[in-house]
Amino acid sequence: GQGQGAGQGKGPGFMQERMQAHRQARGEKRLAELKTKLKITAAQEGAWTTFTAAMKPPADGAKGGMGMRHDPAQHAEMQKLTTPERIDKMRAMRDERQKLMTVEMDKRANATKAFYAALSSEQKAVFDAVGMQGGRGEHGGKGGGHFGRGDHGGMMGGHHSGQGRMGQSS
């Protein structure tokens with residue numbers, strides 16, 4: 001497959017939503033496969049549910065911080081600012097996004113550790129082997145096994161809110 005040429009006249013928001021939906025579907029499929037491989041018992045069902053809930057991107061995943069670029073009110077606001085003010089505002093927005101991402105990653109890390117603690121030693125071995133391979137071929141979907149853009153390894157890092165694209169005024 002050739003990949004589906006980037007954003008054919010539909011605008012970046014559209015592509016981002018499609019990517020988000022595609023990634024979410026793949027994530028859910030992977031979690032379902034993981035659940036099968038782990039042979040989750042009835043007693044572990046609660047821990048599994050908590051874990052998978054933490055792995056899902058936040059409801060405003062695609063928009064969290066990024067959507068501001070497409071917000072006309074926000075845009076008008078930015079136009080009124082001087083360049084230094086604009087830089088400070090973008091920096092503040094970037095810092096806010098970084099904070100949200102850190103919180104999100106911590107939440108996933110803690111949920112993963114809690115879930116892992118509930119596994120038997122056989123299940124831990126399976127999880128160690130397959131559970132964290134998650135986010136690797138996710139970007140662009142070519143060749144499932146390579147490491148995506150140096151992301152944070154497997155399920156912990158499947159969530160790039162395009163940090164750094166704003167506020168890098170050189």
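Reading from the N terminus, the protein chain goes α-α-α-α-α, which gives 5 helices and 0 strands. Helices here are DSSP runs (H or I, at least four residues) and strands are E runs of at least two, numbered from the N terminus. This is a predicted model, where local features need pLDDT of at least 70, side-chain atom pairs count only at pLDDT 80 or more, and totals for chains, interfaces and linings use all residues. Residues are numbered from 1 along each chain as its sequence is written, and side-chain values use heavy atoms, with hydrogens and water left out.

On to the whole chain. Of the 170 residues, 29% are buried, where buried means under 20% relative accessible area, exposed over 50%, and partly exposed in between (1.4 Å probe, protein chains only). The accessible surface comes to about 10600 Å², and carbon and sulfur atoms own 56% of that; the areas are Shrake-Rupley values with a 1.4 Å probe. Take the contacts (heavy atoms within 4.5 Å) between residues at least 6 apart in sequence: 64% of them join residues at least 24 apart.

Helix α4 spans residues 83–117 and helix α5 spans residues 121–130; their axes come within 10 Å and cross at roughly 145°. Those axes are lines fitted to C-alpha atoms over the stretch in contact, with angles running from 0 to 180 degrees between N-to-C directions. On the α4 side, T112, F115, Y116 and A117 meet K124, F127 and D128 of α5. Sorted by type, the residues of this contact are 4 nonpolar, 1 polar and 2 charged.

Next, the charged pairs. Side chains of opposite charge can pair when their charged atoms come close. With a salt bridge defined as a side-chain nitrogen of Lys or Arg within 4 Å of a carboxyl oxygen of Asp or Glu, the count is 6. Among them are these:

| Salt bridge | N to O distance |
|---|---|
| E96 and K99 | 3.8 Å |
| E104 and K107 | 3.5 Å |
| E104 and R108 | 3.8 Å |

E96 and K99 sit 3 residues apart in helix α4, so about one helical turn separates them. E96 is partly exposed at 41% relative accessibility, while K99 is exposed at 52%.

E104 has two entries in the table, with K107 and with R108. K107 is 3 residues from E104 in α4, and R108 is 4 residues from E104, about one turn of the helix. Shared partners link E104, K107 and R108 into one salt-bridge network. Within it, E104 is buried at 10%, R108 is buried at 5%, and K107 is partly exposed at 38%.

Notes:
Nonpolar A, V, L, I, M, F, W, Y, C, P; charged D, E, K, R; others polar.
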